[in-house]
Number of protein chains: 2
Amino acid sequence: MNVRIAKNSGFCFGVKRAIKIALITSTENHEIVTLGPLIHNPQMVAKLEEEDIIKVDSIDQINKRPTIIRSHGVKKEILDELIKNDIEIINATCPYVSKTQDYAQSLSEDGYELIILGDRNHPEVEALRSYVEQEVTIVANADELGDKQFKKVGIISQTTRRVEDLQDLVTKLVTRCHEMRVINTICNATTIRQNSTLELAKESDVMIVIGGKNSSNTKMLAKICESLVKTHHIEIADEIDDKWFKHKQNIGLTAGASTPDWVIVEVYNKILECIGNINKIDNIEDIPGFKEE
Amino acid sequence: MNVRIAKNSGFCFGVKRAIKIALITSTENHEIVTLGPLIHNPQMVAKLEEEDIIKVDSIDQINKRPTIIRSHGVKKEILDELIKNDIEIINATCPYVSKTQDYAQSLSEDGYELIILGDRNHPEVEALRSYVEQEVTIVANADELGDKQFKKVGIISQTTRRVEDLQDLVTKLVTRCHEMRVINTICNATTIRQNSTLELAKESDVMIVIGGKNSSNTKMLAKICESLVKTHHIEIADEIDDKWFKHKQNIGLTAGASTPDWVIVEVYNKILECIGNINKIDNIEDIPGFKEE
């Protein structure tokens, strides 16, 4: 039996940056809040609470404390209300997400009807949508377009979608509109991680995907793996069942962009235990296959 | 045995318009010239010569006669030279082709690197290309892109290409550029004719494609048919060999956008003769399956 991890697993640039901003801000303040979870990982959010970085779910709960804007961004109207209420804002929105908001706004201002590839209930998409005053079409895939026809259409994507889904959407739209302007806003780190995960899944008998159950990019990794091999999406090591590894030779691991290294290490050690390997590791770098590109 | 014609075969709007413009102009002038063939059909070009509408191949041969710009358009520098030489210009460029020239120019002016889907040696593409001062990439299909990467790319198509080829190109470019602006300049009549031809080819044992050997849209019809069934691309009835119809039950006919009705009727009658049918028709409307949408 061997256990390997997909290259480029774990924290991405935007998540690292948001956590760093939160920790620096907390050293300068008694207590700060994040409006919604800073990142989509309950374990990391719990850890931040130990540092007095408290998650609140609405503006009413802020009580004038300095407020960090989560990595996924927030709706424009919420930002406006924070400013109106004179609340100190620390913006930890991923720069790639902010850029996508700018594109949404400028496409709309240039007269393009906007289509967003994404999950309409995800905070990133809810925020993105709020930057456009006109009607917006949000689809999770090309099929959801139905028979809709457009004249002049602008297309952007939630940063964590699969590039293949954007390609399908664009292909369909060629015959559905006169003109389209496509800005590929899928984060490059997302694409690279998905490709590394796909490669490992092809060589594995079972895949363990680690990350928040509310994390869009982690769910996408699970979806990619499921199309190839038996897959389990977990948040923490305790969820592991040793039956999963019976008669399995190649065990593959991958983790979403908001999954902390220590959670990945715990999962790896737990798998070793399940398969009767007495070794233990302390660092993610020691997991076979680990590599950041 | 039955012989049927694909719906929407023969003259398109742009060809009809060009011929009409030429004929009206010729009634008002002793002799007029077209710079290059007015349309890509040698039989029609010969017929126009009988009306003193003479094809010349270079500006030197014009001799101050009123000059018709062919349906495919001409290079900008040629137009400029005609104006400089004070030659009377009658522009019979297909309005859809002119529109594509405008799009090429405006995409380039807006800072988009231009990609044209088309045949680099076709007069329409040569003319189109001349409206852009910057470097232009011309590809006949997505494969010809090679490994090229782009930042901000504008995509247009020769009006007679297959929409599937534009879709392939766009799909490939999603991962090759940050932003793309696609204007679907494929003529709708071309797409409709291709689809009708495809449908008939599926139900036929042999396909006869009628039209100029230099006609881009006719060659595309032949390509579509060849992928499904034995196909012969001819210009005139005399090229027909009765062996083609041996043991064939369903014979399909289609014709390019520049193929005159009388040529199609001659071909149909010749096929009837080959298969031992003594009937004859006079009008294209009498061919089974004929319909304009």
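Of the 293 residues in chain A of this predicted model, 45% count as buried. A residue is called buried if 20 or more other C-beta atoms lie within 10 Å of its own, exposed if 12 or fewer do, and partly exposed in between, with the C-beta atoms placed from the backbone. Residues are numbered from 1 along each chain as its sequence is written, while chains are lettered from A and ligands numbered from 1 in the order in which they are written. Because the model is predicted, local features need pLDDT of at least 70 and side-chain atom pairs count only at pLDDT 80 or more, whereas totals for chains, interfaces and linings use all residues.

The overall form of chain A can be described next. Its C-alpha trace spans about 60 × 55 × 30 Å along the principal axes. A compact globule of 293 residues would have a radius of gyration near 19 Å, and the 20 Å of chain A agrees with this. The radius is taken over C-alpha atoms, and the globule rule is 2.2 Å times the number of residues to the power 0.38. Chain A holds nine helices and twelve strands; these are DSSP runs numbered from the N terminus, with helices being H or I of at least four residues and strands being E of at least two. Among contacts between residues at least 6 apart in sequence, 73% join residues at least 24 apart. Two residues are in contact if their C-beta atoms, placed from the backbone, lie within 7 Å.

Chain A is also divided into domains, whose bounds come from an automatic or database domain assignment. Domain 1 covers 2-11 + 189-286, domain 2 covers 13-94, and domain 3 covers 96-186. The centres of domain 2 and domain 3 of chain A, taken over C-alpha atoms, are separated by 27 Å. Where these two domains of chain A meet, ten residues of domain 2 are in contact with ten residues of domain 3. The side of domain 2 of chain A that touches domain 3 of chain A consists of two nonpolar, five polar and three charged residues. In this division Ala, Val, Leu, Ile, Met, Phe, Trp, Tyr, Cys and Pro count as nonpolar, Asp, Glu, Lys and Arg as charged, and the others, Gly among them, as polar.

One residue of chain A gives a view of the interior. A:Ile115 is found in strand E6 (residues 113-117) of chain A, and A:Ile115 is buried, with 25 other C-beta atoms within 10 Å. Leaving aside residues up to four places away in sequence, A:Ile115 touches A:Thr137, A:Val139, A:Val153 and A:Ile155. A:Ile115 and A:Tyr103 are twelve residues apart in sequence and 12 Å apart in space, C-alpha to C-alpha.

The relation between the chains follows. Chain A is superposed on chain B by a rotation of 180° with 0.0 Å of shift along its axis, at an RMSD of 0.0 Å. The two copies are thus related as by a two-fold rotation axis. The superposition is by least squares on the C-alpha atoms of residues with pLDDT of at least 70 in both copies. Of the residues of chain A, A:Arg181 comes closest to the rotation axis, at 2.1 Å (C-alpha).

The contact between the chains takes 14 residues from chain A and 14 residues from chain B. On the side of chain A that touches chain B, the elements giving two or more residues are helix H6 (163-174) and strand E9 (179-183) of chain A. H6(A) gives the most to this side, with six residues. The residues of this side of chain A divide into seven nonpolar, five polar and two charged. Of the interface residues of chain A, 100% are also interface residues in chain B, so the copies meet through the same surface. E9(A) pairs with strand E9 (residues 179-183) of chain B in the antiparallel sense over five bridges, where pairing requires that DSSP finds at least two bridges between the strands. A:Val182 has B:Met180 as its bridge partner in E9(B).

Most residues other than glycine have a negative phi. A:Asn8, although not a glycine, has a positive phi of about 65°. A:Asn8 is found in the loop between strand E1 (2-5) and helix H1 (13-28) of chain A, and A:Asn8 counts as buried, with 22 C-beta neighbours inside 10 Å. A:His247, also not a glycine, has a positive phi of about 60°. A:His247 is placed in the loop between strand E11 (230-234) and strand E12 (250-255) of chain A, and with 7 C-beta neighbours inside 10 Å A:His247 counts as exposed.
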